[in-house]
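Me: I am new to reading models like this one. Can we go through some of its labels and ask what stands behind each?

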Amino acid sequence: MKKVAFTETVLRDANQSLIATRLSFDKFEKILPTMDKAGYYSVECWGGATFDACLRFLKEDPWERLRKIRAAMPNSKLQMLFRGQNMLGYKHYPDDVVRKFIQKSVENGIDIIRIFDALNDTRNVKVAIEETVKRGAVASGAISYTTSPVHTLKNFVGVAEEMKKMGATTICVKDMAGVMGPQEAYDITKALKEEVGLPVILHTHCTTGLAYATYLKGIEAGADVIDTASSCFSGGTSQPATETFAYLLQQLGYQADVDMAVLKEVNDHFKPIRNQYIADGVLMPRSLTTDTDALTYKVPGGMLSNLFSQLKQLNALDRLEEVLAEVPNVRKDLGYPPLVTPMSQMVGVQATQNVLQGRYNNIGKEVKSYLRGEYGKAPGEVNQELVKKALGDAEIITCRFADTLKDEFEETKAKLGDKVRCDEDVLSYIAFPQVAETFFAERKEREERKVSYSIEKIED
Ligand code: CO
C-alpha cells in the first residue's frame, strides 16, 4: 500500500495565508500536545512570515515561541520555511549570518528546514542547505513553482538535481499561488521521482480551486508528502484540508497514518478561533472563496491578502482589479520571477504604485536592487528600458550577491552591547533592526513593570 504523509500547516502557512500571520501563541498553546499525537510527517510552525509577525505585531519573541512549541511537541518533526540567502527577511544576508540563523533554529528545536530561493537561483540556497545538513537537520530543497514562457520541466528538474548535490534529502514543489494544475503536478512529480530520486513533497494553495485534484494526481505519480491545513483553516488562499485528504486517501486505498479522532480534536480547537477572526474582519470572506482569476494573475494567497489590506489602508480597494491586472505586466518586465516572498511583495507594491501613480513613475528601492542583480539571476530577460530608467548607468552584479557582503554577526553583536541578551536576539535584530529594537525596549519595560508590581505587592 502506497503511503502518503502530511505536513500540517495551520501554525504557519494557513495562518499566514488567511489571517496575515496574526495567530498568537496563546491561541494554539493548549492544542499542541494533541497535535503532537496526530501522526503528521511534520508540523510547519515557524519561519516564513511568522518571525516578522511575532516581533512586529504580536510582541512575541519568535525564538521563545519555537522553544515552547518544541517543549509541547516532543514527538513531532518541527518544520520551518527559510528563504535561502534571504533567511526570513526581504534582502540578502552575508553567509555568517545565514549559518548562525540555521544553527540557532536547529538548536532551538527545528528538525526540517525547507529552503528555497524566489528565483530558483541555486547559488542562493547552497550555504543554507550545507549548514542545515551540518547541524543535523533535514534540508528540504524547494522549487519555487510557477508557469511562464521561461519555466520548463527540464529547468525544474535541474534545480532539484543541484539541490540534491548540495545535500537536500527531500524535494518540495512549492506552488505558492495555487496555479499548478493536476497534469503539471503529475508530470513534475514523475520527472522528479525518476530523475532525481528523492522523496517529493507537494505544496499548493486552494486559491484557484485546483489544489485537491492537483495533489491527487501528484500522489498518483508518486508524491510522498502533501501540505494540508486543519479543515477550518483550509481552503481559499490556504491549503487543502487535512481531514478531507486523510479520508479520501484511505478510501482510495492509500496508507495515511494520521489519527482521524485527533485531527477532529485539533480542528475543534481552531474552529472558534477562526470564527473570531472572521467576526473581527481579520479573516476576509474573500480569502476563503475560490478565485480562478489567479490562473491569470498568478498571485499567491499571502500576496492576495496583503494586497487587500494594503489597498484597504490606502482607501483604494476599488482599484484592486486594476492592480491585479498590472501584476503580470510587472512580472514580465522583471523577467518572470515566481511570485513568492520577497518577489511577491516587490511585484505587488510596484504594481500598486504603477496603478496609483502611473507606470514606473515611482520605482521601489527593492525593484532597483533586483534589477541590479542583488537577488540573483532573473529567470528570463529583464525589460532593458526599465533597467535604464531605474539604474541609469549603475553597474550590474552578475556574481552571487552574498559574495559581495562582509561578515556581520560578531560586529553587530558587539555594537548592540547590553541591548541584546543572546545570539538569538542579535539575529532578530539583523533580520528586522527597527522592529527588533522596539521589541527589546518594550520587553524590558514589560519586565520592569512586572518587577515593580511584585515589589508593590510585597510592600502591601
Ligand atoms: Co505556501
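Reply: Helices (H or I, at least four residues) and strands (E, at least two) are DSSP runs, numbered from the N terminus. This is a predicted model, where local features need pLDDT of at least 70, side-chain atom pairs count only at pLDDT 80 or more, and totals for chains, interfaces and linings use all residues. Residues are numbered from 1 along each chain as its sequence is written, and side-chain values use heavy atoms, with hydrogens and water left out.

Me: Why is Asp 121 called buried?

Reply: Buried means under 20% relative accessible area, exposed over 50%, partly exposed in between (1.4 Å probe, protein chains only). Asp 121 has 8%, so it counts as buried. This residue is found in the loop between strand S4 (112-116) and helix H7 (126-134).

Me: What makes the link between the side chains of Asp 121 and Arg 123 a polar contact?

Reply: The term means a pair of N or O atoms within 3.5 Å; within protein, one must be able to donate a hydrogen and the other to accept it, and residues adjacent in sequence count only if both atoms are side-chain atoms. The two side chains are joined at 2.7 Å, so the distance passes.

Me: How do you know that the buried residues of H11 line one face?

Reply: The buried residues of H11 (residues 242-251) are Thr 242, Glu 243, Phe 245, Ala 246 and Leu 249. Seen down the axis, they fall within an arc of 165°, so they line one face. The arc is that of the directions from the helix axis to the C-beta atoms. Tyr 247 and Gln 251 are exposed, on the face turned away from the buried side.

Me: Why is strand S6 called largely enclosed?

Reply: 5 of the 5 residues of S6 (residues 170-174) are buried, so the rest of the structure largely encloses this strand. Thr 170, Cys 172 and Lys 174 are on one side, with Ile 171 and Val 173 on the other.
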